[in-house]
Amino acid sequence: MGVPNIPLRIPSHAQKVCSLYKRALRCLESHTPDRPLMRYKAVLLRDRFERNRCEKDAVKATKYLLDGEKELFENAHHQPKVFAASAGEVLWNRYGVSPDSVLDYWHPLEKAQYPEYFARREQRKRQMEQWWEKTYGKPGQDEKSHH
Amino acid sequence: MCLNKNSFWDFGDSNKDLKKLFVLKNKFFFFFVFILFFLVGLMFHLYQLSLLLTYNFFFMNSCNFSLIFLLDWLSLMFLSVVFLISGCVFLYSLGYMSGDSYVIRFYFLVFMFVCSMFFLIMMPDLMCLILGWDGLGLVSYCLVIYYQSDVSLSSGYLTLFINRLGDLFLILSICWCMNYGCWHYFYLFTFDNLNIYMIFFLILACLTKSAQFPFSSWLPAAMAAPTPVSSLVHSSTLVTAGVYLIIRFSKFLSSDLIFFLINLSLLTVLLSGFGALYENDLSKIIAFSTMGQLSFMIFSIVMGSHYLGFIHLLIHAIFKSLLFLCSGIFISLLMGSQDIRNMGNLGLQSPLISSCFLISLFSSCGVPFYSGFFSKDLIIELVVLSEINFFYLLIFFFSIYLTLVYSFRLFYFLFICKINFMIFNLIDNKYMKVSCLFLLFMSIIFGSCQFWLLDLCYVNVFDEYYKFLIIFFFIYFFIYFNVFTMLNMNLSSFIVYFLSQMWFLPFFSSTFIVSKFFNKSNFLFSLIDLGWTEYLVFTTIYNLIKNLNMHLDSLHLNSLKMYMLSYLMFIFFILMI
């Protein structure tokens, strides 16, 4: 979501295999809604990975990995099973939360409807400023505010 | 201390009873209006009456500005069902939306929606009808974007733009109607035939509202709205507005238009059937089912039985809203997850709502003696009786078969599959239950009730054993699904993707069209706005002034250094001399 796919590290072969295994399991889960059947298929999948676990030949191991990736791509589900609160799903960002600073931009007439709250808010802002200056010092002359 | 952001709208927690009172009052008002309109509608049908109420605003230079209300059995029956469903939805939302911050806005929007529907049904005037028509489009947009996520916004825009397209067609139709000198469509009925363009644009407007083939991408997308809204808006009111207008103008359908509508409705049935078969979102499956039923209605209207289509519309509205209400409860039981793969064995976990869901599902399939059966069966018989192309008949029966398959798939995933999600938040809200049970009662009796009360009789073609064929199909699917394999397993090919994505219709109706305009505007932007003129005239002068200012600023800020420097330079010059 918005993050470019820049490789930040070089994963080892083992890491790639583990990632493939995890994604394959997720794909299996999407395809098989029946949980016991899915567990049975997951065991078979694990067995396929375990069979080539002790492969010492790097060329062969890489070939297995690439074959696995290809198979996963070919069997990818058209609607993968994702959690409802995941990014882009139905529950994601359902309620936009406006920042607290929006309250400072209310019209004085609007603020006057909640006098107690805004009086306390101003008091707390002052206290916060005092605390900040006590801890981190006063702002310089060139600076207009605390950062 | 916490301040509610929504304090302008909200009555506050202390006035919770006020909200309940507001909704309960509405509910009883709606229920009262339902009974009133239903009984008056029956009376109008019995005596074949229609009543026009005219309210004159003013009269100037022989130009009469008036508001006309049409009361006949079609409009009264339709309104009674709308009020029944909206009353139940109000009551249901009292439980479903109780934890929501913006609930009052929600109630207002739903109320405005019902008002728009009232205007749409009651106005026999195309110019006044657009008031309700536009209101429906606008309020449905506001309801789709009720949740503030990106998904809701994009769905809302899709809904809005396709509905706007429909408005455009309707306005074109109204423009043509000016040739006849009156927008009142009862006056238009005095003509034997109307201009083909006018009717064509009107039919196109109806197709956009009823989500038929080229314009159907918005209906599944609009499921981003809260479920009570889907129940009211996207099953029984908004989408049926188009069908209602087609019924009104069915007299003027020429043979070309009939051919056009048959093709489109059969295409939509296939599209929705395949879409529902490969879809995993519960709301979207029901939306696809709605789309299929709408094309079924349009097909029956085009085949000549528009009253039967209308009765199917009423019956469908009731059982489909019940289906949506039950699905809303399932979704909240599953903590907001709409994926049917997460559901399983719901019958054990929520037996009452499951039985409501099953009954409405059976109704939509047309299982004998549920309400859907009474209209659906007759429509099938009528289609068989009519002289129709064999190929069309084949597609028609295949689409009915598809309805059965996706309904059984839903049944399988929801009730037969093993438990995939342990439910702990049991919903015990009396308002939700009461509204579901009331609609359940109506969805059982309403079909047969309509046929007894309206005294409709048609010849039966099939033997009565054929009508139980559907039950044998269910047993067959049960064995097929259990013994062999699940339907959407190991079918991850391009074809499945194509079918599940509605034949790429959402792409063609949004990105495909919009991207061309975006590219063109980007090109113009780079050519004109960011061209040489911009660079030479604006950017250069701006940069010149900016750099000069920065330089002067730096001189001003370092004034002491500058004085010292000028003093040194002065001495240097003196020494030079």
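In this predicted model, A:Arg53 pairs with A:Glu50 in a salt bridge, with 3.2 Å between the closest N and O atoms. The two partners differ in cover. A:Arg53 has a relative accessibility of 58%, so it counts as exposed. A:Glu50 has a relative accessible area of 31%, so it is partly exposed.

Stay in chain A and look at another pair. The side chains of A:Asp100 and A:Arg121 form a salt bridge, at 3.3 Å from N to O. This pair links distant parts of the chain, 21 residues apart. A:Asp100 sits in the loop between H3 and H4 of chain A. A:Arg121 belongs to helix H5, which covers residues 115-136 of chain A. Here too, check the accessibility of each end. A:Arg121 is buried, because its value is 10% and the buried class lies under 20%.

That bridge does not stand alone. A network of salt bridges links A:Asp100, A:Asp104, A:Arg121, A:Glu122 and A:Lys125.

Next, cross from chain A to chain B. A:Asp34 forms a salt bridge with B:Lys418, and the closest N and O atoms are 4.0 Å apart. A:Asp34 lies in the loop between helix H1 (13-31) and helix H2 (35-51) of chain A, while B:Lys418 lies in the loop between H16 and helix H17 (430-453) of chain B, so the pair joins two chains. A:Asp34 is buried, with a relative accessible area of 12%. B:Lys418 is partly exposed, at 45% relative accessibility. Over all chains, the count of salt bridges comes to 17.

Now take chain B as a whole. It has 577 residues, and 55% of them count as buried. Its secondary structure comprises 24 helices and two strands. Along the principal axes, its C-alpha atoms fill a box of roughly 125 × 70 × 55 Å.

Where is there enclosed space? A search of the whole structure finds five cavities of 30 Å³ or more. The largest cavity holds about 110 Å³ of space. Its lining is made of 13 residues. Nearest its centre lie B:Val269, B:Gly292, B:Gln293, B:Ser399 and B:Thr403. Three helices of chain B each supply at least two lining residues: H10 (255-278), H11 (282-302) and H16 (390-416). H11(B) gives the most, with five residues. What is the lining like by class? It has seven polar, five nonpolar and one charged residues.

Chain B carries a nonpolar surface patch of about 930 Å². The patch is made by B:Trp532, B:Tyr535, B:Leu536, B:Val537, B:Phe538, B:Ile541, B:Leu544 and B:Ile545. Take B:Tyr535 as one of them. It lies in helix H23, residues 532-557 of chain B. At 48% relative accessibility, B:Tyr535 counts as partly exposed.

A buried loop residue makes a contrast. B:Phe215 sits in the loop between helix H7 (196-209) and helix H8 (218-221) of chain B. Its relative accessible area is 12%, so B:Phe215 is buried. B:Phe215 and B:Ile162 are 53 residues apart along the chain, yet their C-alpha atoms are separated by 6.8 Å.

Finally, look at the backbone. Most residues other than glycine have a negative phi. Which residues here have a positive one? A:Asn93 has a phi near 55°. B:Gln48 has a phi near 50°. Both values are positive in a residue other than glycine.

Where do these residues sit? A:Asn93 is in the loop between helix H3 (58-74) and helix H4 (108-111) of chain A. B:Gln48 is in the loop between helix H1 (16-47) and strand S1 (50-60) of chain B. A:Asn93 is partly exposed, at 44% relative accessibility. B:Gln48 is exposed, with a relative accessible area of 61%.

Methods
Residues numbered from 1 in each chain as written. Chains lettered and ligands numbered in written order. Predicted model: local features only at pLDDT ≥ 70, side-chain atom pairs only at ≥ 80, totals over all residues. Heavy atoms only, no water. 1 Å grid on protein atoms, 1.4 Å probe; cavity = no way out; pocket = protein on both sides within 12 Å on 5 of 7 lines; lining within 4 Å. Points joined across faces, edges and corners; volume = space filled by probe spheres on them. Helix = DSSP H or I, 4+ residues; strand = E, 2+ residues; numbered from the N terminus. Nonpolar A, V, L, I, M, F, W, Y, C, P; charged D, E, K, R; others polar. Patch = residues over 30% accessible without salt bridge, like charges linked within 9 Å, V, L, I, M, F, W, Y side chains within 5 Å. Areas by Shrake-Rupley, 256 points an atom, 1.4 Å probe, with all protein chains shown as cover. Buried < 20%, exposed > 50% of the residue type's maximum accessible area, 1.4 Å probe, protein only.
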